[in-house]
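Here is a walk through one structure. Take a look at the model before reading on.

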Amino acid sequence: TKMFQAELDKRRARATHHYRSELERIESIARGARSHATENQRYEESKVKEKASKFRMTGKLPAAFWCF
């Protein structure tokens, strides 16, 4: 039974290591996705601010701006 218990301990350690490495890989991917989303949001906000600035300077809506 000692040999059986040792084998179970090895398997448990291997499974734990696999689980932790997989979790770390997923977290890394999620960090990258969050970073990309934040960067994209900042870019979109800057575009909107630029359009608003142009609107304030000219006092006219851009031709591509449609309001119903």
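E44 counts as partly exposed, at 36% relative accessibility. This model is predicted. The side chain of E44 meets that of K47 in a salt bridge, at 3.8 Å from N to O. That pair falls inside the cut-off, because a salt bridge needs the nitrogen within 4 Å of the carboxyl oxygen. K47 is partly exposed too, with a relative accessibility of 33%.

In general, an α-helix has 3.6 residues a turn, so residues three or four places apart point the same way. Side chains of opposite charge can then pair when their charged atoms come close.

Now step back to the helix itself. The chain holds one helix and zero strands. That helix, α1, covers residues 2–58. It has 57 residues. From its first C-alpha to its last, α1 reaches 84 Å. This is close to the 84 Å expected at 1.5 Å a residue. What follows α1? The next residue is G59, and its phi is positive, near 80°.

Move along α1 to another pair. R25 forms a salt bridge with E22. Their closest N and O atoms are 2.7 Å apart. Both residues lie in α1, three residues apart, or about one turn of the helix. How open are these two side chains to their surroundings? R25 is partly exposed, with a relative accessible area of 44%. E22 is partly exposed as well, at 29%.

A further pair is E7 and R11. Here the spacing is four residues, again about one turn of helix α1. E7 and R11 form a salt bridge, with the closest N and O atoms 3.6 Å apart. R11 counts as exposed, at 51% relative accessibility.

Finally, take the chain as a whole. How many salt bridges does a search of the whole structure find? It finds five. Those described here are among them: E7 with R11, R25 with E22, and E44 with K47. The chain has 68 residues, and buried residues make up 0% of them. Its accessible surface comes to about 7000 Å². Carbon and sulfur atoms account for 59% of that surface.

Key: Residues numbered from 1 in each chain as written. Predicted model: local features only at pLDDT ≥ 70, side-chain atom pairs only at ≥ 80, totals over all residues. Heavy atoms only, no water. Helix = DSSP H or I, 4+ residues; strand = E, 2+ residues; numbered from the N terminus. Buried < 20%, exposed > 50% of the residue type's maximum accessible area, 1.4 Å probe, protein only. Areas by Shrake-Rupley, 256 points an atom, 1.4 Å probe, with all protein chains shown as cover. Expected span 1.5 Å × (residues − 1).
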